[in-house]
Amino acid sequence: MGMAAAVEPQFHVLAVDDSLIDRKLIERLLKTSSYQVTTVDSGSKALEFLGFQDEDEDEDEESYPNHPSVSPKAQGEEEKVTVSPMKKEAEVNLIITDYCMPKMTGYDLLKKIKESSSLRNIPVVIMSSEYDKSRINRCMEEGAKEFFLKPVKLSDVNKLKPHLMKAKFGQHHPETLSELTAESRKEEERKQETEAHQRPELKSLQPSNNKRKNIDGSISPDSMRPRYGGLAVV
């Protein structure tokens, strides 16, 4: 297991949310799951970080460098975009974005990514604080891999790994197959443990059978011969 952990790849997730609180939450959850994380506060900055160029966004992009650095806040304060220690040109393996954001919604961001020949294979996950079935269906039909309701939980983040593995290595990569068979191995181990607990109960029943064999074995041939008037027939 030590070797498996050593060769396990590190995935880079781009998290997009205009809420500072939600952005910090998803960043902490992703880092807890050993993902490298970059966070931005808008869809336009996400596209900028990904190297996507759109004429409609040129005016907004002019005030920012080639990679996200500053996230202006509505309260007048400024917050630096957090980027995990790694080169800024790092490959992004998955994008998780809020649905409701100003100017560009998460759905708009999803569409732009899926329309890009260079980005369309990156898995996209949508987050929302509202349960809207039509919204969920629209996002899934556009190509989203998951739709999480806020607040996002660690159990939600655990659902990202299969999408990351499949996108990076393909469905039949050994790493993916090992994960698919892990549960079956655990089930087999549980069965073996159950059988081990049952064995003492089975053994407790065996002495009665052995005792019967001893009793049967202690009967002499003479005792089995018919007797007439106390005399055994020879």
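A contact means that heavy atoms lie within 4.5 Å. Among contacts in the protein between residues at least 6 apart in sequence, 63% join residues at least 24 apart. The model is predicted: local features need pLDDT of at least 70, side-chain atom pairs count only at pLDDT 80 or more, and totals for chains, interfaces and linings use all residues. Residues are numbered from 1 along each chain as its sequence is written, and side-chain values use heavy atoms, with hydrogens and water left out.

The protein has nine helices and nine strands (DSSP runs, numbered from the N terminus: helices are H or I with at least four residues, strands E with at least two). Of its 234 residues, 35% are buried (under 20% relative accessible area, with a 1.4 Å probe and protein chains only).

Strand β6 (residues 124-128) is largely enclosed by the rest of the structure, because five of its five residues are buried. In a regular strand the side chains alternate between the two faces of the sheet. From β6, V124, I126 and S128 point one way, while V125 and M127 point the other way.

Strands pair if DSSP finds at least two bridges between them. β5 and β6 run parallel and are joined by four bridges, with T97 opposite I126 in β6. β6 also pairs in the parallel sense with strand β7 (residues 146-149), over four bridges, and S128 stands opposite L149 in β7.

M104 lies in the loop between β5 (94-98) and α5 (106-115). This residue, M104, is buried, with a relative accessible area of 5%. M104 and S42 are 62 residues apart in sequence, but their C-alpha atoms are 7.3 Å apart in space.

How values were computed. Buried means under 20% relative accessible area, exposed over 50%, partly exposed in between (1.4 Å probe, protein chains only).
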